[in-house]
Amino acid sequence: METLKERLEALNQLPSLPIATLKLIRILGQSEVAEYEDIEEVIQTDSALVSAVLKTANSALYAPKSGKVATIGDALRNLGLRKIQEIAVAHQTGPILGKAVEGYGLLGGQLWQGALAGAIASQVIASQTKKCDPGEAFVGGLLRDIGKLVMQALFGDRLIDANLKPEDSEWNQIEHEKKEFGFDHSEIGAELALLWKLPDALVKAIRFHHGPPEDQELGGALVDIVHIGDIVALAMGCGTGIDGLHYEASSESLQRMEFKRADFEQAMIETRIRLEAFQPHQEDN
Amino acid sequence: MTPQPQTLSSEKKLIVGVGDMKVSTDPTMPIYTYALGSCIGITIYDPNVKIGGMLHFMLPQPGKENKRTDLNPFMFGSTGIPSLFKHCYSLGAVKERLIVCAAGGAEVMTHGKAFAIGDRNRTIMRKIFWKNNIILAAEETGGNDARTMVLDLETGEVRLKIRGKESVLWKP
């Protein structure tokens, strides 16, 4: 029987992130050893990334009073490593996660909206709980559903047929995918993250974002936080397709993070406010 | 930065985001909201003057702990619902003629402790309607499915799209 890795490698068109973005995620995954020079060098290799970083550094929100930010080095000093990572990853994943994913009934832009909402929610929850790094939580939240793109690439039209099958009102999407395909989008997403050589903590966050394990050696704070971030995004209806809200919230994760209803509601409010910065309100004609 | 959901149709429409509201006097442009999760979408429509609006609220009310005073009122049922009615009245809609519909309020599944956001959203909506003597013409709330809601300002028809299938929630 083929392993998940073999199935992935056999795909002609694997979802891919720009090399510079992957390098940034890997370097910042070991944040204590990251040097500004290393980050600067990686960003300089990608002209689209350079302009995205400079544009944000000169935006009304971040521009220094003293004048214009002209170089990546200045931007790094003004914004800090984590903010640069957030800009880079959000900017570079847009074209990939912005695609329609028919197998989950997601129109163009909807997977990305869900990714951003989950990323911001995870970042907010990390700041609220102080249990993990908010920058790492942002990236985990952003990439958590990358496996949906792989499912689409692997199964094509079969995916929507399978996802439309459940007729009872209370099916669990993860169990359903396992039954139909032998694995689910979080497992195959984690396999892709391994192939991309993402840091171990991020691979775990993607793998367990729908079912954090009790064993904290396997899971951990980042996993719990990205899971709760996912629930916030689902409650807000961001990135919900034909799978809807058919995912289970782990009460154990909420307990471990000491996350109460007021915290959850606050996370929804903050996510909604910050989402606007990424998503200027426009009318679609 | 994020594109709005793309649709296959080139039809002109107004899009209501999460924690957002739109009212209109233009019957040629339907009002849409995509993917209501635990949020609730409320439509109101006066058929005599073809004025209507839609609110997509996210939470019942700002929490007591919330000290921010700059919060968008459309995020909450407690402030968004009165605002939706007042805006439509200011455009010429009349309370007695209004057709009011609601959808959304779904929940994430759980075997343990739940925050029941959808349920609490439904409760505040009903409480406000009861206090103000407003009767819902049609409602589809609860469950675990996400819903897209559309108000046609020409006819007043309210449609839902759930798991790719369209259905009529209310029609004249």
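Select residues 280-285 of chain A. In this predicted model, pLDDT stays under 50 over that stretch. The model has nine contacts beyond four places in sequence for these residues. Now colour all of chain A by confidence. The average pLDDT is 87, and 95% of the residues score at least 70.

**Chain A as a whole**

Show chain A as a cartoon. It has 16 helices and one strand. Its C-alpha atoms fill a box of roughly 60 × 50 × 45 Å along the principal axes. A compact globule of 285 residues would have a radius of gyration near 19 Å, and chain A agrees, with 19 Å. Buried residues make up 52% of the chain. Among contacts with a separation of 6 or more, 67% join residues 24 or more positions apart.

**Helix α3 of chain A**

Select residues 36-44 of chain A, which form helix α3. Which of its residues are buried? They are A:Ile39, A:Val42 and A:Ile43. Look down the helix axis: these buried residues fall within an arc of 95°, so they line one face of α3(A). An α-helix has 3.6 residues a turn, so residues three or four places apart point the same way.

**A buried glycine**

Go to A:Gly241, in the loop between α14 (221-235) and β1 (248-249) of chain A. Is this residue buried or exposed? A:Gly241 is buried, because 23 other C-beta atoms lie within 10 Å, where 20 or more are needed to count as buried. Leaving out residues up to four places away in sequence, A:Gly241 touches A:Tyr104, A:Gly105, A:Leu106 and A:Gln110. Then pick A:Leu107. A:Leu107 and A:Gly241 are 134 residues apart in sequence, but 8.5 Å apart in space, C-alpha to C-alpha.

**The nonpolar core**

Now show both chains. The largest nonpolar core has 132 residues. Those with the most contacts inside it are A:Ile225, A:Val232, A:Met236 and B:Ile42. Centre on A:Met236. Beyond its neighbours within four places in sequence, A:Met236 is in contact with A:Ala117, A:Met268, A:Thr271 and A:Arg272 in chain A, and with B:Val18, B:Gly37, B:Cys39 and B:Met58 in chain B.

**A sheet in chain B**

Finish in chain B. Five strands form an open sheet of mixed pairing, in the order β1-β3-β9-β10-β11. β1 (14-15) and β11 (165-170) of chain B stand at the edges, each with a single partner strand, so one side of each has no neighbour in the sheet. Zoom in on β1(B) and β3(B) (residues 31-36), which pair in the parallel sense over two bridges. Select B:Leu14: its bridge partner in β3(B) is B:Ile31.

Note on methods:
Residues are numbered from 1 along each chain as its sequence is written. Chains are lettered from A and ligands numbered from 1 in the order in which they are written. This is a predicted model: local features need pLDDT of at least 70, side-chain atom pairs count only at pLDDT 80 or more; totals for chains, interfaces and linings use all residues. A nonpolar core is a set of buried Ala, Val, Leu, Ile, Met, Phe, Trp, Tyr and Cys residues joined through C-beta atoms within 7 Å. A residue is buried if 20 or more other C-beta atoms lie within 10 Å of its own, exposed if 12 or fewer, and partly exposed in between; C-beta atoms are placed from the backbone. Two residues are in contact if their C-beta atoms, placed from the backbone, lie within 7 Å. Helices (H or I, at least four residues) and strands (E, at least two) are DSSP runs, numbered from the N terminus. The arc is that of the directions from the helix axis to the C-beta atoms. pLDDT is the predictor's confidence in each residue, from 0 to 100. Two strands pair if DSSP finds at least two bridges between them. The radius of gyration is taken over C-alpha atoms; the globule rule is 2.2 Å times the number of residues to the power 0.38.
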